[in-house]
Structures are given as C-alpha cells and as structure tokens.
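Subject: Structure handover and its cavities

Dear colleague,

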Amino acid sequence: MLSSLIFIPLLGSLAILLVPREQDRTVKWVGTIFGLIPLLIVAYLWGQYSYSAQGMQFVEHYDWIPSLGISYYLGTDGLSFPMVILTALISFLAILASWNIKNRVKDYFFLMLLLETGMMGVFVALDYVLFYVFWELVLVPMYFLIGIWGGPRREYAAIKFFLYTLIGSVIMLVGILALYFNAGLNTFDMLALAKHKFAPAFQFWVFLALFFGFAVKVPVFPFHTWLPDAHVEAPTAVSAILAGVLLKMGTYGFLRVSHPTLPEAAKALAVPIAILGLINIIYGALAAMAQKDLKKLVAYSSISHMGFTLLGLAAMTPVAIQGAAFQMFSHGLISAMLFLLVGMIYDRAHTREIAKLGGLFNTIPTIAVILAFASFASLGLPGLSGFVAEFLVFLGSFGAYRTFVIIATSGVVFTAGYYLWMIQRVLMGEAKKEYLGLPDITARELGTVVPLMIFTTLLGLFPSLLMDIMNPAILGLVAKVGGM
Amino acid sequence: MIEQAWIIAIIPIVAWLIIFLFAKALKEKVAYVGILAMGISLLLSVLTFSEALGGTVEKSFPWAVVGDIKIPVGFQVDPLTAVMLLVITIVSLMVQIYSVGYMHGDVRYAKYYAIVSLFSAAMLGLVLANNFFWLVLSWEIMGLSSYLLISHWYEKPEAAAAGMKAFITTRIGDIGLLLGTIMLFVYTHSFEFNVIAEKIHAGEINQGIVTVAALLVFAGGVGKSAQFPLHVWLPDAMAGPTPGSALIHAATMVAAGVYLVARAYGIFVATPYALFWVALIGGFTALFAATIATVMTDIKKVLAYSTVSQLGYMMLGLGAGSYTAGIFHLMTHAFFKSLLFLGSGSVIHAVHSQEMHEMGGLRKKLPITYWTFLIGTAALAGIPPFSGFWSKDEILLAAYRSPYPVLFWMGVATAGLTAYYMTRAVILTFFGQPRDHHKYEHAHESPPVMTVPLVILATLAAVSGLPGSPFLHNAFGEFVKFGHGHEAEPSSFVMIIAISAALLGVLAGVAIYGYKVISREKAIRSWRPLYLVLKNKYYVDEFYMAIFVRGTVLLAEIVGFFDRYIIDGLVNLVGWLGMQLSFLSGLFDKYVIDGMVNGVAAITMALGNSARRLQTGFVQSYAITLFAGVVIGLILIQLIGG
Amino acid sequence: MIPLFYVLVVSTLLFALGVYGALLSTNAIRILMSIEMILNAVNLNLVGFGRYITPSDPRGQIFAIFVMTVAAAEAAVGLAIILVIARRYGAAAIDRVRMLKG
C-alpha cells in the first residue's frame, strides 16, 4: 500500500507528460486526480492503522541490490505516519491551489507530482539508500518550481536553496556511508543499523554530519537564510509545500535517523541543540517582526516555530518529543494555510508589502478573517493545534531545561506581537480605495484552506486523534534514547 | 443538574456557532439567539447553584495521553464556581438584552453577539474547569474575545491599537500562568487544583518552589485583572462597545485574575510570601488607579480606572487572607460595575459623547439612568446599606487583621478616593447646568430594552451585599469559604473608619464639584505638577512605550538587519570564499555570481572567438586537421614507444 | 610469389594518392573517388596481410568485403549529398559550401 503512495503520483506525472501541451485544463484535472488518490489511500490506511502496535506497519521489503545490502524497504510508524498524512493533504491542497498557474502548466504539474513522490518516499523509506534517493529527488523539482515559476529574484533563490540543501545532503550522505561501513553489517536497513551500538566518538562525528544535512532543511540558525529567499520567490503553492512538508523532513530526520541510531551523541549534543532551538524561536520571532514583506514575515515565523520542535527534540522526554512531533504536524497545517492566504492576497492586491496593504477586513472579508484565524492558530491560541504543541514542548522540556523554557516563552509574546501588529496594519483600518471591489475568496480557494482550518481546530480540541498514533513510537524512541 | 454542569458552558458555544454560521440570514435577530442561550444558561446555573448548596461535585475524564502522562478534562462545581456561574450568566444576559438597544444599527452587529457568546462560553468554561490546562485554554479564548471586542470598530486606529495592546499585555502575564502551570505539573504530576493543593498541603513540595509557582500563577492574574504593572491595557480597552466593556472589561473577564487566585488559593495559603505580594500589588493598584480616576474626564475612563482599583481591592482581600472577602467583592462589584458601565452607556447613547465636560444636568433628561447610576455609585462608594459597603468592609477587616497595617490604610485611602471620584462623576454628568446645550437638547432616555437591565442590575447592586451582612448571619461567608473558613471577628472600628472614609470622599466631591467651595481651576493651578502626573497616568504608558515597545521593535530591527546583512552577508561571504576554491559555491552571492558567471562566460567567449577562426567551414581543412592529428598521434606513439 | 612488401608499397601509394586527392581537389565527385581509393588501399592491405600472414584464415578477406559494402553505402549517401549540394549551389564545388563555419 505504501508503494502506491509513492508510485501513484509518479504515474500521474507520467500521465501528464502524455497530455498535449496546450490542454491546460486536462493537465490540471489529471494532476488534481492523481493528487487526490494518495489522499484517499492515506485515509484508508488511517482506518487500517493499528494504534497499539509497536514497530513498523504496512511493511514492504524486497531486495534491490543484495550484494551491497540495499533493499526496497518501506514501512510507517507513529513518527512517519502523521507526516504521510500531512504530505498527502498538503500536496493535494497545493495542487488545488495551483489552478491559477498560467505559464507552462504541464511542466508545473509534472514537477508537483514528482515532488509528492519524493516527499512520500522520504517519509516511508526504511533503507538509507532509498531514503537518500528520495531526499535528493525532492530537491530537483523544488529547484525548478522555484526557478521557473518564482518571483523576480527566483534564480538567486533557487540556486541558494539548491546549493544549501545539496551541500547539506552530501554531508549527510557521508554520515550515512560512515554508518554503513562502521557497522559492517552490510546493510542499509535503518532499523538494523539503529540496533547497532556505535562507539561514542564515532557517534559524535556522524551525528554532526547528519545534523548538518537535517539542520539545513529545518532550517536551524545559522543555516536558515535560504528559507526567506526561497519562500518569497516561490509560487504560492510551492511555498505552502516548502513550509508545510519540506521543513519537516529535517526534523523527521532527527527523529528517524539521528536520535535512534546515535543516542549517545544525541544526549551529548542535546544542550547545543536546545540552544539552537531557543535561538530559532527568539531570533525568528524578532526577525519576523522586522519584516516589511508579508510573505517574509510568515517565512521567519516558520523558523521561529521550528525552534519549538528542536527544543522538544533536545529535551528527549516523551512529552517533549510528542510536542515536537505535534508541532511538526501543526506547523505544517498552519504555515501552509498562511502561505496560501498570503498568496491569495498577493493575487488580488499585487503587493505583499505590509505598508501598502490595509483595511482588508472591509475589502476581502473572508480571506481576512481566515488570515486572522491562521495567525491566531500560529501564535498559539488554545483550542487550536499550535497551542497543544507549544504547551507540550514547554511541559516536556521544563524538567531538563528550565531556563531555556522560561526564555522560550518570551518568544510566545513576540509571536503574538508580530502577528497582531500584522493584523492591525494589514487587516484593520479603513478600507483602502485601491483595494475596493477586489473579489473575495473563490470556491476553489476556499476548498484549499477549509480542510486546514478544520484539521487545526480538530487537533486543537482533540489532540489525541494524532497523539494516539504517535504515542507508541515515541515511547519506543525515548526508551532508546533513555530520556534525560 | 449539577452532574451535567458542563452543559452551561456548551450552550453559549452552540449560540456562537449559530450566530457565526447564519449571521447573514438572521441579521439583527442574532441577538435573540444569544439571549435565549444565555437565558437557558442562567436557568441551569440557578439550578446548579441550588444543588451546590448541598455539596460539591468534581468529575474528570481522560482527554489526551501524552507520552507517559495524561491530560484530563473535567469540571467541578463548588460554592466558588456556583457563585461565579450565577454572576456571569446574570451579567451576560443583562448585557445582551441591553445591547439590543445599544448596538442597534451597528455595522458588525452579528459579530458583536458572536463574540459575547464566545466570551460567555469561555468564561463559564473557566469557572467550571477543575484543572489548570482547561483553565489556561478558556483563559486565552477570553483574551481573544476581549481582543476582538476592543478592536470591534477597527477602522479607528486607536481601537485597533488598543486591542493589540490588551492582548499582548495580558499575554505577558499569561506566560507566567503557563509557566506556573507547567512548574506545578512538573512537581505534582497533576493539573487538577485539588490534587495540587492536597500535595502542597501535605508538604510534599519544597516551600521555595511553591512560592515561585504561586507568584507565576499570580502573574497571570496580574495581567488579566489589570493589576500594576500590567494595568495599562484596561483603560485603552474602553475603545470597544460600552456594553461589551461592561461585561468583559468590568464585571467578568477582568475578575478572572481574582478568580484564579481564589481557585489556586490552596497554593497561595501555603506560602505567606506570595500571599503578601498578592496583597501588596492589590493594595498598591487599588490606590494607584483610584488617584488616576480622580482626574479623568472621560466617563468610561473614570470607570475603567475604578475597575482597576476595585480589582486591586479584591486582590488585597485575597492577599490579606480572606478568600470570602475577595470573592464577595468580586460578586458585588460585577453587579454594580456592570450597572455603572451600562448606565454610562445609556448616557453616551443619549449625548453621543464620553466627555463629562460636555454633559451636565442630565438628571432631568435621563431619570431612570440617573437613579440607577446613583445606586451603582452608592454601592461602589461603599455607602451602607448598598452592596459595596458590605464587601468592602470585609476586605478592610481582613486587611486590618493582617500583620501589615499598611494594607489597611491603603484600603481606607482607596475607599475615600473612590467615593470622591464617583461623586465627582455623578455631579459632572447629572447635576449642574448643561454645559453643551446642543447635546443636552437632543438627549433622551434610552428605550426600555436598555433601561430594564439597568433596573434589574440596580436592584442587585443594592441588595447583593445582604448575604454577606450580619442581617443574614453572613450567609455568603458560610457558603463560599476556604477550608473551614476562619473569618475575622467583625470590628466596629473598621466599619466606622470605612463609613467615614466614604462619607469624607462624598463630601469632598460635593464640596468641590457641587458647591464649588474650592475652585477646581485654582486647585489644578496650585497643584499643577501633581495634576499633570495624574492626568498622564504617572507616565507609565510613555515609559512602557519608550522602553518595551520601542525596545522590542528596535531589537527586531537589529535582528532583521543582522539577519539580512550579517548572517546572510556571512553566507554570501562563505560563498565568495568558496568560489575561490570551486565554481559551485561561488554561486552564492548575486553580485559574485554575476561577476563569476560573466567572467567565465567572457573567457569562454574569448576562447570561442579564437577557436572559431579555425572553423572555416571548409570541409577539407577539417579533413587536413584530422589527418594531421592522426599523423601526429602516430608519431607520438612511435616516439613514446607505446 | 611476390613478397608482402610490394603489396604494402602499392597500398601505401594508393592511400597517399587518395589522401592527396581528397584533401586538395575541389570537385566533390573527385573527393568521393579519392576516398574510394583510400578505402581500396585499406582493402589491399587487409587482403595482403590475410593472404601472407594467416593463409588458412579468411578473416582479412571477409573484412575487405565488409569494407566494400560499407564503401558502396557510403558512396550512395555521399553521391546523394553531392547531388543536393549541386542543386543548391549550382556546382559540386566543395569550397563553396561553408555551412560548418563557426
């Protein structure tokens, strides 16, 4: 079943290649349908998912290159299944949000589906080679999506993104190869290698190598500067995927690879990681406050919010990791929603400059209200998913890093500060003349954000929907890392 | 009913959903949805209250399993909750009925009702919650409703700014509450008030930790109840619609901070140090805000500072060790202050101004408003036998019995000032000659839909103190008490001091504003520095603006600059350095890339230009080159001996 | 039997003549003919070596036949190209065709 999640988008992208170039509508329909099928499959899998089982589910294991110990090994557990759900959801909504793409529609939808294949693959692969292949597969469509359909400085942004992540992933590959050769088990099986005990000094260096690869994706300060550029230049739907799913590949890497495989190093480096998380939170929030471009503000808020995940990862208590994993999902929903809304505003007002916008509550009320909703979700209003995540991270980390948590909470105030300030400047005030008569949200656009709103609210009120999936895997992970 | 008390909080949520979804279709009929829901909630609250007289109920259900811990969802109905339920539902119902008249024709009528319903649900949820997690959740949703209501008329910049100020200022306090909650959980492994209190009572937790946790929780109360130094948001919050202010920023939400301290009293009593700070902050805020209220000319601002002051009073009562006194004052204050706000709303509705200097002589034009306002004033000023007198007396009594006499004198001074500024407000508004004839001529009494709630609240303001009076054998204190209740002995000294302070205040007000014994202008001239300090609210806003707001924005600018130029610059520098080594990393910097790409391109062009001369297009010259190449190759092979 | 040396000398001369003709003549037909000469020189080499070094093995001869078929095909293609050039430029003069200029 997991294979179908990977190959149906791939099949879709090939199907798009067969559609004649000028038939834009057909291309869009094919893309949308092939985006929808994985979502339906994921929904089915969710029904089949066993909440109590330890270990991997829906496993598929075939030899690929037996002489090197490379296999085609897929499976999902409480750490990856939420990410699979998120990927299917965000990808579908992003495809739906891409209907207003006008030039080179065929290429665009081809790349979008290819991107989905790569992202799905990263989250379900249990073999390092497979993992790495998908990891790199994500990079290529992303590069073209930013570079071709992006804003004015798209080439700079695309190359910056590409180089950053490429260098990161090459170093990560070195780490993976080091694991393979050092273990001497002649296998790239993630689970098998996770069971192997590596020497502490070796763990330290490999952890650093892997950390670099993952940190670029998260992104961790000071490797974050590709993100604002990439976000601002990328087309709306791609920004949504970038913030919604791609960033989570980094933190997922920590959960799936670094922490279980190199527990001693994870413990030894926990404090520096917590400090980096703290810097991300405060620094991202302050930088967001200083932005004049609405999309950049949202981009920096992503940096800030991913800091909570890092803090939770560093604390390594079940609650903190639960919070970190929850934050990954919740931030995926909320940031995707924010980017989609900013895109809608940009499509109408043709500017993202905060100073030029204003009074949107009175000109495009529905979009404005949903943007306010998303902002409140992002600043951690209780009853919405962001609060649950932040609360759990604080709760779980308090025992280990009291001072850090106290400092991190000031980030919550800053977050409220920049969002409310944004709402005040962009949404409130008298309606501006130049924006009068702008069309409000269309049914299709509403369709892209409403599912995210529903999920955000549902998870805020009933977080156990997701937590019960995560719990067994997280307890297993913490038992391995040993807590703090 | 008491077994299903949670329904009381659910009903307004349903109303909120209906209003939210059908706002367009219902138009101004949304008011009936809200009123109906609140009426049902009130009815259920009365039932619950009567059952709560018989005993308390607490229920918990698992809500989420997180890692190795469980977060419960639960509710409890004890005397405190029962009283709060009644107060909230009554005031909310009155405000919603009143709003039918006051908000009539407003651009965002449905939104207003939606917020009021959402707020009522959150506040009811707050008092029903039996654990910190759900308390924090409701707490923040109240903050959201408050924000939305303050910036209800967001076209006005000051309303938009006031909303943001309120949310952020209270959030600073909320951080304390959040940390306190987490800290208590870390040490007691529970969110539930009773469990935490039991563990602390049993001495399982280090005294220092309890103190810190209690102070953190209190910080939440300081923010929400607008205590010094986080009081600055409440006066600005008056930018919202007046009935909303009456509900949220006078009667209920701002009292949530007091409720929080009362709810967590089990933690506070274990640490006298924290309790002392509660009393001190409360007492100081009470006096501080009362002095500001004496010079405000905006009727809503007077009432806002009065609210801050009275909330400080409640804190003082709690801090001085009397749980009953604090909650008793909370209840009476909710009635008379919402009455005063609604009354001021009625005045504003009539003259379309909030400036007391543009009013005057309205007594004849607005008789019902005048009489009800007068009752509210008497209650607030602490004139016996109105409700405020009894509750204030209990607080002063508690302060008097506490080890710190300064608390008592702070309370007495506040009582005097309160009587003074309220007398001043009444005289400026209702007595004397009309100062703005145009406004006076157009003034008319509000419709019954507004005056009936005033009359009901006035009745409550008059009599709600009786349950705490000796005439009913202090029934309130018997019902709402902490532990076994150890109420201080009544003292006739305190009562005499309280009454004389109130009368002195009233007399001073009448003397200055009624009979003009002392000229106001002359007094201002001779006390100019003091007047300016008070008029500018001790410059606290300016101080915060300069230090915290500007400071944060400056810090943000610095970080933004740092990120843009230093970090990104560093990245680009690394790229530039890398370019020296390899071509790939040279692509980092835009300018460097351009230079590099152009450079490479130029070299390639030059090479190409020289190479193209070889490309004659003459096939045979290619063939010669080819042949020559083969020959040279062969010769080379021969020479090297391959 | 004449020694292999003579065969090789003839073949070398033939090759040199072919190269000379191919490089220096301007008429495309003549170039084609010169190329045929080069190929035949090679053929002669192949047959000669085959005959003198491995008399029992007909590999050299088989190669020569291959070369002849390829040469025939090449001549057909070459003539077709020349025909097109002649139609386009009015003559089979190779020095007028400079489309490969960079």
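How many cavities of 30 Å³ or more are there? The count comes to four, where a cavity is a set of points, on a 1 Å grid over the protein atoms alone, at which a 1.4 Å probe fits but cannot get out, and a volume is the space filled by probe spheres set on the points, which are joined across faces, edges and corners.

This is a predicted model, in which local features need pLDDT of at least 70 and side-chain atom pairs count only at pLDDT 80 or more, while totals for chains, interfaces and linings use all residues. Residues are numbered from 1 along each chain as its sequence is written, chains are lettered from A in the order in which they are written, and side-chain values use heavy atoms, without hydrogens and water.

The largest cavity has a volume of about 130 Å³. Among the 14 residues that line it (those with an atom within 4 Å of a point), Phe387(A), Val412(A), Glu140(B), Arg171(B) and Leu178(B) are the closest to its centre. Five of the lining residues, the largest share, come from α7(B), helices being DSSP runs (H or I, at least four residues) numbered from the N terminus.

The second largest cavity has a volume of about 80 Å³, and its lining includes Asn100(A), Asp347(A) and Arg444(A). Here α14(A) gives the largest share, four residues. Because domain 1 (1-268) and domain 2 (282-484) of chain A, with bounds from an automatic or database domain assignment, both give residues to its lining, the second largest cavity lies between them.

Best wishes

Technical notes: On a 1 Å grid over the protein atoms alone, a cavity is a set of points where a 1.4 Å probe fits but cannot get out, and a pocket is an open set with protein on both sides within 12 Å along at least five of seven lines; lining residues have an atom within 4 Å of a point. Helices (H or I, at least four residues) and strands (E, at least two) are DSSP runs, numbered from the N terminus.
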